[in-house]
Amino acid sequence: MKRLHKGYLVAPLLVICIVLYLQNDFNHYFQQRYPLKDKYDVDFDNSSLIPDPGIMFVQTTNEMEPTPLALCAVESAARENPDKPVYYFMKGLSGNLSQYPFPQYFAAPMLSSIKNVVLVPLKLKALFQNTPLSFWYQQVNSSREQYWIHVLSDACRIALLWKYGGIYLDTDIISLKPLNFTNFICSQGNSIANNAALGFQNQHQFMWDCMEDFVTNYNGQIWGQQGPGLISRVLKQWCQSDNLDKLLDLQCNGISFLSPRYFYPIAFAEWQRFFQPWNKNDIESFFPDTKGVHIWNFMNKGQQKRVVAGSGTLIERLFLKYCPTTYKVFVKCSSFI
């Protein structure tokens, strides 16, 4: 029997949750939808026009109903950074938000209703144009790539930062504090630089070097080769050091190399701690310097760990505090992620 694509299972669940929430006050929440197209005047037919540096998220599938965790990531970034535009680049977005009306669609209306969130079509050919990634993208056979969605995301983030500057965050990072526009990379530990959270000014040479290394050392069959592996390789060359741990919380040729506590306070090997009970008073004391918590959602593939309403787990407490709108919608489902 053919396996059902997870989208076929998620979509009905989303509809049920939304309908349940509509029984309360959710209808009023969407009465003023899509306010940002006029505010930021984003040219939805040409995503190369981004008016101001901002915080960027990327959806490299055609999915138009992101997971609750992705919605939480965007909502929390917008809440913690109300003075910054938050761009969500979506490959499946046509550019005309009226094509995604509520209640047939949920994510686009919800995100558009947040005053500093801007939805932007992810136009890959235009994004990679005039970069070292252009020829690679035209030649690569995505059907033969084992980790294509992840590799494509690795390519998009460095191209976006090169062209526009700002801060890139993965869609499984829940923001806890405001972010500053600085050139930064964060260590995940053991002399490895991770690429889930990056900040760079536009046309920074480091990003160009990353794009060149992406092509030169491309191997889509090795997990992380184009992600943490790439950032680590280029940073070692940039800093002329094979021991990145010696550079923690220091600047190297204009780039700050942050210690894991800023974005990876819980190591990937301990990811299940997010789904264990926590005292809510311990959260702020455990994350005093943390800007955003990386949930390591890839580790949860096949594990089916979920946010359970009333469980008091760390992941539930993070949802409750930092993305309350997302939580309020999906809590009707009893569990979600």
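Let's start with a cysteine in the chain: Cys 210 has 0% relative accessibility, so it counts as buried (buried means under 20% relative accessible area, exposed over 50%, and partly exposed in between, with a 1.4 Å probe and protein chains only). Cys 186 counts as buried as well, because its relative accessibility is 0%.

Before going on, a word about what you're looking at. This is a predicted model, where local features need pLDDT of at least 70, side-chain atom pairs count only at pLDDT 80 or more, and totals for chains, interfaces and linings use all residues. Residues are numbered from 1 along each chain as its sequence is written, and side-chain values use heavy atoms, with hydrogens and water left out.

Now for the cysteines that pair up. A disulfide is a covalent bond between the sulfur atoms of two cysteines. Here, a disulfide is called when a pair of cysteine sulfur atoms lies within 2.5 Å, and by that rule the count is two.

Take Cys 72 and Cys 323, whose sulfur atoms sit 2.1 Å apart in a disulfide. This pair links distant parts of the chain, 251 residues apart: Cys 72 is in helix H4 (residues 68-80), while Cys 323 is in the loop between helix H12 (314-322) and helix H13 (324-330). (Helices, H or I with at least four residues, and strands, E with at least two, are DSSP runs numbered from the N terminus.) The link is left-handed, with -85 degrees about the S-S bond. Both Cys 72 and Cys 323 are buried.

Then there's the disulfide between Cys 239 and Cys 252, at 2.2 Å from S to S. Cys 239 belongs to helix H10 (residues 228-239) and Cys 252 to strand S8 (residues 250-252), so this pair ties together parts 13 residues apart in sequence. Cys 239 and Cys 252 are both buried.
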